[in-house]
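Biologist: I'd like to learn how to read a model like this one. Could you walk me through it?

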Amino acid sequence: MAGKEPYKVIDVFAGPGGLGEGFEGLHQDSGMPSFKLALSIEKDPDAHSTLLLRSFYRQFGTDVPKEYWSYARGDISKAALFELYPQQAQAAAAEAQRIELGINPHQEVKKLINQRLDGSEKWVLVGGPPCQ
């Protein structure tokens, strides 16, 4: 896969995003990422909040702004942080979706997946289905 574009990843039943983070962390020998999260789907509001924040963090690569750490210390709210970086917040919101599979209409979910894949023919579906 040397030098190739990363495979897009669709993560369902994502929880707080550990599986997706693992895929995002894999890099080729050249240093290029092997995978890129295109969409994470989770129904739980707390887990989704974590997904959204992690996606926001990844938008900056290695150049994470100091305001992120202010948020982590509790000095500013998440809303204030996202307001400072609206482009990254919008990208994070597009990636991390709060959706309940089986409740949200199948066609809407399929359309969202297709939008996020943006014509990619090779992609990966991962998920951590509930164990209840």
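Modeller: We'll take a helix, then the cores, then a lysine. This is a predicted model, so local features need pLDDT of at least 70 and side-chain atom pairs count only at pLDDT 80 or more, while totals for chains, interfaces and linings use all residues. Residues are numbered from 1 along each chain as its sequence is written, and side-chain values use heavy atoms, with hydrogens and water left out.

Biologist: Which residues of α6 are buried?

Modeller: General idea: an α-helix has 3.6 residues a turn, so residues three or four places apart point the same way. Helices (H or I, at least four residues) and strands (E, at least two) are DSSP runs numbered from the N terminus. Buried means under 20% relative accessible area, exposed over 50%, and partly exposed in between, with a 1.4 Å probe and protein chains only. Here, V109, L112, I113 and L117 are the buried residues of α6. They cover an arc of only 130 degrees around the axis, which puts them on the same side of α6; the arc is that of the directions from the helix axis to the C-beta atoms.

Biologist: And what sits on the face turned away from that buried side?

Modeller: The exposed residues Q107, E108 and K111. The buried ones pack against β1 (7-12), β2 (35-42), β3 (96-98) and β4 (123-127).

Biologist: How do I read a nonpolar core?

Modeller: Think of a set of buried Ala, Val, Leu, Ile, Met, Phe, Trp, Tyr and Cys residues joined through side-chain atoms within 4.5 Å. The largest one here has 14 residues, and F56, Y68, L81 and F82 touch the most other members. α2 (45-58), α4 and α5 (86-95) each supply at least two residues of this core, with α2 giving the most, 4 residues. Apart from it lies another core of 10 residues, including A38, L39, I41 and L112.

Biologist: Is K78 buried or exposed?

Modeller: Buried, yet without a salt bridge, meaning a side-chain nitrogen of Lys or Arg within 4 Å of a carboxyl oxygen of Asp or Glu. Lys and Arg count as positive, Asp and Glu as negative; His and the chain ends are not counted. The nearest side chain of opposite charge, D46, is 8.7 Å away. K78 lies in α4 (residues 78-84).

Biologist: What does K78 touch, not counting residues up to four places away in sequence?

Modeller: S49 and Y71, where contact means heavy atoms within 4.5 Å. S49 belongs to α2 and, at 28% relative accessibility, counts as partly exposed.
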